[in-house]
Amino acid sequence: MKKEKTLLWGFIDTKGNFVIEPKYHDARDFSENLAVVGIDWRRGYIDRSGAVVIDLQYQVADSFDGGMARVMLDDKWGFINHEGAYVIPPLYDKAWNFTDGIAMVMVAGKYGFIDRSGAYVAEPKYDYAGEFHDGLAWVGSDGKYGYIGRDGEYAIGPVYDNAEDFRDGVARVMKDGKFSYINTRGEAAPEPAPVASVTVEFHDGLAPSRTGDKEGYVNESGQFVIEPKFAQAEPFCEGYARVRTGAKSKWGYIDTAGKSPFKAKFPGAADFHDGIARVLAEVIEE
């Protein structure tokens with residue numbers, strides 16, 4: 001029988017050795033010492049030893065945050081704890097992650113909001129809604145939009161034809177066909193300054209920088225300390241950075257001296273976290 005190569009996810013240490021063998025069709029980084037992994041359509045959770053601690057049973061599973069993770073089973077969404085027990089039952093047709101301690105949910109086509117105990121902050125009654133930011137969430141019904149607070153009451157009445165999330169205390173709204181900006185009290189606010197399109201990320205004192213068609217790493221004085229020889233170079237994390245020499249080359253890692261601890265060999269790779277990195281590997285299956 002012909003042997004075929006399959007791409008599967010596993011986890012390596014900083015020497016490039018597998019600490020969790022590549023056997024998953026899907027995987028996410030560890031969060032709160034658990035990682036989502038998947039085989040076929042089933043998702044579950046493993047610990048850092050690779051042991052399955054929550055069975056692979058969910059259609060969708062998300063990373064843990066604040067002791068809870070969002071999962072979907074039998075087309076219903078709920079939230080589980082580290083033991084896999086539901087702390088918020090699977091009652092929702094759709095659920096979003098918590099922001100500002102509140103999660104948006106959908107029931108029978110209507111949007112509502114719950115707190116971390118599962119109690120409704122606002123019953124599912126809105127035609128449209130956005131997540132909480134700066135303590136407010138936009139909601140819309142019957143073509144009018146406003147903002148509710150964490151108590152579920154309108155903090156800014158539904159007088160707008162459209163509304164967007166608050167960012168740094170300012171939101172864009174539309175009324176009578178014209179866009180404007182308001183603050184969290186509903187007062188007129190100046191348009192925020194545009195966000196810079198390029199952000200330099202320094203980690204371990206180094207940041208990726210491009211010259212011509214190659215990338216290397218500069219120090220905070222802007223001097224190249226790792227020569228630009230990579231087609232793609234990612235920011236450092238825990239003393240290692242993901243790099244590849246060509247657009248179709250395998251991923252490898254370098255340290256802050258620019259040296260590779262092992263050969264570049266992975267079709268996909270993620271950053272190191274607590275000494276472990278998630279990688280995509282070619283596995284020969286019978």
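A search of the whole structure, which is a predicted model, finds one cavity of 30 Å³ or more. On a 1 Å grid over the protein atoms alone, a cavity is a set of points where a 1.4 Å probe fits but cannot get out, and lining residues have an atom within 4 Å of a point. A volume is the space filled by probe spheres set on the points, with grid points joined across faces, edges and corners. The residues that line the largest cavity are Phe11, Asp29, Phe30, Arg48, His273, Ile276, Ala277 and Arg278. Strand β29 (residues 276–285) supplies the largest share of this lining, three residues. Strands (E, at least two residues) are DSSP runs, numbered from the N terminus.

A pocket, by contrast, is an open set of points with protein on both sides within 12 Å along at least five of seven lines. The largest pocket is lined by Glu164, Asp165, Arg167, Asp168, Val170, Ala171, Arg172, Tyr181 and Pro192. Strand β20 gives the most to this lining, with three residues.

The table sets out both spaces. Ala, Val, Leu, Ile, Met, Phe, Trp, Tyr, Cys and Pro count as nonpolar, Asp, Glu, Lys and Arg as charged, and the others, Gly among them, as polar.

| Space | Volume | Lining by class |
|---|---|---|
| Largest cavity | about 30 Å³ | four nonpolar, one polar, three charged residues |
| Largest pocket | about 160 Å³ | four nonpolar, no polar, five charged residues |

Strand β20 also belongs to an open sheet of three strands, in the order β19-β20-β21, with antiparallel pairing. The edge strands, each pairing on one side only, are β19 (162–163) and β21 (178–183). Two strands pair if DSSP finds at least two bridges between them. Between β19 and β20 (residues 170–175) there are two bridges, in the antiparallel sense. Within this pair, Ala163 stands opposite Val173 in β20.

A further antiparallel pair is formed by strand β9 (residues 76–80) and strand β10 (residues 86–92), over three bridges. Here Ile80 stands opposite Tyr86 in β10. The hairpin of β9 and β10 has five residues between the strands, and Gly84 takes a positive phi near 90 degrees in it.

Residues are numbered from 1 along each chain as its sequence is written. In this predicted model, local features need pLDDT of at least 70, side-chain atom pairs count only at pLDDT 80 or more, and totals for chains, interfaces and linings use all residues, while side-chain values use heavy atoms, with hydrogens and water left out.

Conventions. Helix = DSSP H or I, 4+ residues; strand = E, 2+ residues; numbered from the N terminus.
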